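Let's take a friendly walk through the packing and pairing in this model.

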Amino acid sequence: LFQLVWLGLNVFLFWWFYLAYDVPQKFFYTRELLGHALALARAPAACLNFNCMLILLPVCRNLLSFLRGSIHKYFFSSTPKCCSTRVRRQLDRNLTFHKMVAWMIALHTAIHTIAHLFNVEWSVQARVEDKNTLASVLSKLGDKPEESYVNFFRQTIPNPVGGLYVAFTYLAGLTGVIITLALILIITSSTKTIRRSYFEVFWYTHHLFVIFFIGLVIHGAGRIVRGQTEESLAVHKPEICYKNFSEWGRKGACPIPQFSGNPPMTWKWVVGPMFLYLCERLVRFWRSQQKVVITKVVIHPFKTIELQMMKKGFKMEVGQYIFVKCPAVSKLEWHPFTLTSAPEEDYFSIHVRIVGDWTEGLFNACGCDKQEFQEAWKLPKIAVDGPFGTASEDVFSYETVMLVGAGIGVTPFASVLKSVWYKYCHDATNLKLKKIYFYWLCRDTHAFEWFADLLQSLETQMQERNNAEFLSYNIYLTGWDESQATHFVVHHEEEKDVITGLKQKTLYGRPNWENEFKTIARQHPGSRIGVFLCGPEGLADTLNKQSISNSEADPRGVHFIFNKENF
């Protein structure tokens, strides 16, 4: 719904401003020079202002976390909880919306640029040609002191040199070139391939947004789009006077029309979001200066390390994430990591899989590449920003949940399951959550080792409390070789699983999601079931489709509510 409203506003602004420049008498003579390209340039400009106003808001992480908490507090005390969940789920799609707005900005930039290429060509051509036409007469206005110009191009340089002169000497042209190049670099470096393989390229080029916004604000200061003044319109009616343009200024004829430029408007659209984003960055800087102590570094299998840390005043909820900077590796780069500790623990932790230059540098900086024991004082300094809210915070708002993790994507659910374990150890009577279906998909057997201890603890705890049905977990191994398969078959009849040491056996292949959803729907009729995923987009599409297709139209029936982690 929110995306439809946003699209509707874009369509409305485009149409409204197209008519505003294509119909009124104020721009009658400007249209004689530029034709419909005038309106086709101004309509996307209005949409650009609107979307540039929105583009920074989804990445104001502290603002979103504040809104998330405020909405949770307000709605939970005054209206049904489902309303709170729906609103907060919209906030969880912040990065998706950020990308949509970025593509909309790219679209309107292309339309705006192409239209202005025609405008510049026709303005230069009209100024150069010496003919007794309305366009030529209009272009000569402003050559005399008592006249004001409508054609912004005042030189007599023919195309294509005249067009290049406008592009690189006029304020509007130069800033237009700069912000367009900045936008191209930002968008092309934001593709999934670049983000995954060359994160530093994505990180640094994304900060060209500073140049983009500076250029955007001053882009219209040159006032090259000009219209007839109100005073002139009172004595010079364009629809009448244009026929006798050669008589303008003579006695008994129409007076010479006077023109003025449109004042710059972009700053009015973006000054608010820019101020909020500045406050956001100041908060991040303040947080990054607070001392963080690494209390423990644990090396897990599958190229994964665990950092346990402490920070004064740090408070977290399940499933939240933080941004981490290690100055010893890079003084500027911040990377997001899900918190794998529980709120009940006296430290907070993250699990880092070694997959790139930055994580490799962190691995070495923590001394994990050495065999001997690393002294605590030798560990690198760490800066932490956060924690920030995610969809997983809402796990305890449901009675029944499906948790789906793929590979290292299991990390947010480590926090959830740890918190459940602590609650059961102390008092589970106030726990709304009654049933967890946990699915973990992994390609390599070693990936299970660091997480198996937690599952064993939970398995034992539930059995001791005669509530073994509380947690149903299914671990899927999606990749194995022939020797592993033979080993699995030989030990299949043993009481505990040969890979995880759990009583629940590891499954091989991938889940049949349609069967899983239908089975859960039958066991929980009339329930709202939360589906939480931290994994790839392909799996997200599958789970989202299954959530929709297995939800009943009857409000009293079963409903699957899909949630995905976004960083």
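Setting aside its neighbours within four places in sequence, I105 is in contact (heavy atoms within 4.5 Å) with L48, N51, C52, I55, L183 and F212. I105 is also among the residues that touch the most other members of the largest nonpolar core, along with W6, C52, V101, F212, F213 and L216. That core has 27 residues. By nonpolar core we mean a set of buried Ala, Val, Leu, Ile, Met, Phe, Trp, Tyr and Cys residues joined through side-chain atoms within 4.5 Å; buried is under 20% relative accessible area, exposed over 50%, and partly exposed in between, using a 1.4 Å probe and protein chains only.

Before going further, a word on the source: this is a predicted model, in which local features need pLDDT of at least 70, side-chain atom pairs count only at pLDDT 80 or more, and totals for chains, interfaces and linings use all residues. Residues are numbered from 1 along each chain as its sequence is written, and side-chain values use heavy atoms, with hydrogens and water left out.

Helices here are DSSP runs of H or I with at least four residues, strands are runs of E with at least two, and both are numbered from the N terminus. A second, separate core of 26 residues includes V318, F413, Y424 and F470.

Three strands form an open, antiparallel sheet in the order 6-5-8, where pairing requires at least two DSSP bridges between two strands. Strand 6 and strand 8 are the edges, each pairing on one side only.

| Pair | Bridges | Residue opposite Y321 |
|---|---|---|
| Strand 5 and strand 6 (335–338) | four | T338 |
| Strand 5 and strand 8 (383–388) | four | F388 |

Strand 8 is mostly covered, with six of its six residues buried.

Finally, the axes of helix 20 (residues 513–523) and helix 21 (residues 537–549) come within 10 Å and cross at roughly 40°; axes are lines fitted to C-alpha atoms over the stretch in contact, and angles run from 0 to 180 degrees between N-to-C directions. W513, E514 and F517 in helix 20 meet L539, T542, L543, Q546 and S547 in helix 21.
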